[in-house]
Amino acid sequence: MNQEKSDICFCTLALGKRYRSHVFLLAQDIEKHSPGIYLIVLTDKPEEFKIYPNVLAFHHEQQSIGCYHDKRFVIAKAISLFNTCIFVDADIRILDKLEPDIKWLPGITARSCTSIVKHNQEYINSVNDDYKANRVRDLTILNKLAQKLDLDLEDTNIQFVMEMLFVVTRQDGREIEFIKQWETIALYCELNGFYSAEGYAIGLAAAKAGLPVRWDAMDGIVYFKDWVERQKIKKGQANPDETLIYFQQHEAIEYRKNSLFQKLLHKLNKFIGYYYRYLRLRLAALSNFNFYHR
């Protein structure tokens, strides 16, 4: 199904000064290359985005402990407003126009995805012994979760989705069920101390909701992501001079110097925020005690 331009948006999460600064650049990129395409932003300070005519900013405070699963709120908001949303990490840059003839099929289209089975095998083989114990613990959590969801992690159709760039297109309300399942999975993972599980959550939630996940090279989206570009340069697939300015802008934001007071305040807010969200998590889990605690 060929989506009209007005039915497509970009979307991202921008919590804190560092990520808002990244998204300011992203908004400028989209306005430059694809005028008429909106960027949906969930952020703690939406007023800072008023100067960007192509941004629809909505207030959001961090809900999940690790923040990773807050991406589901971004998808939920964007897909309620547009038929297709393109989720990108806050620090991604868009380098060219969005191809007008891109065809997004209903469901999830990912720039990088593979079966959970294959992903787990590759990850176990790539980490050293110090990390394998944590990895085994995470896989134990996932296996128990899959049983509760009546899903089989050995099913090669269940995907691990790299969340830095993926697309969600409406499909008969299954996208709404997908968000609901993601919430259930997020709560379970975080209750068990597995905070960075959103790649798994996307795949498991999609499988439970009957929302298809497919891979696509996404050649129609020309983007910059620092670690992806470094890999290309290392392999001789990219010219470092062509993206030097993007590396410089990225590092200027990532390594901005803060005063001692700002550092202490950040640590205090992080400490208080963690225990506040953890308490909320424990209370939320009481709504389905048998699922989360047995």
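1. Basis. The model is predicted, so local features are given only at pLDDT of at least 70 and side-chain atom pairs only at pLDDT 80 or more, whereas totals for chains, interfaces and linings use all residues. Residues are numbered from 1 along each chain as its sequence is written, and side-chain values use heavy atoms, with hydrogens and water left out.

2. The second largest pocket. This pocket holds about 330 Å³ of space. On a 1 Å grid over the protein atoms alone, a pocket is an open set of points with protein on both sides within 12 Å along at least five of seven lines, a cavity is a set where a 1.4 Å probe fits but cannot get out, and lining residues have an atom within 4 Å of a point. Points are joined across faces, edges and corners, and a volume is the space filled by probe spheres set on them. The lining has 16 residues, of which Arg111, Ser112, Met164, Trp227 and Gln231 are the closest to the centre.

3. Make-up of that lining. Strand 7 (113-115) and helix 7 (226-234) each supply at least two lining residues, and helix 7 gives the most, with 4. Helices (H or I, at least four residues) and strands (E, at least two) are DSSP runs, numbered from the N terminus. By class, the lining has 8 nonpolar, 5 polar and 3 charged residues; Ala, Val, Leu, Ile, Met, Phe, Trp, Tyr, Cys and Pro count as nonpolar, Asp, Glu, Lys and Arg as charged, and the others, Gly among them, as polar.

4. The whole structure contains 12 salt bridges, each being a side-chain nitrogen of Lys or Arg within 4 Å of a carboxyl oxygen of Asp or Glu. In one of them, the side chains of Glu254 and Arg18 meet at 2.9 Å, N to O. Because Glu254 lies in helix 8 and Arg18 in helix 1, the pair ties together parts that are 236 residues apart in sequence.

5. Asp91 is in the loop between strand 4 (84-88) and strand 5 (93-94), and Lys225 in the loop between strand 11 (223-224) and helix 7, 134 residues apart. Both Asp91 and Lys225 are buried; buried means under 20% relative accessible area, exposed over 50%, and partly exposed in between (1.4 Å probe, protein chains only).

6. Asp138 and Arg137 form a salt bridge whose closest N and O atoms are 2.5 Å apart. Asp138 is buried, at 9% relative accessibility, whereas Arg137 is partly exposed at 37%. Elsewhere, salt bridges that share partners join Lys71, Asp89, Asp91, Glu163, Glu198 and Lys225 into one network.

7. Glu229. This residue is in helix 7 and counts as buried at 8% relative accessibility.
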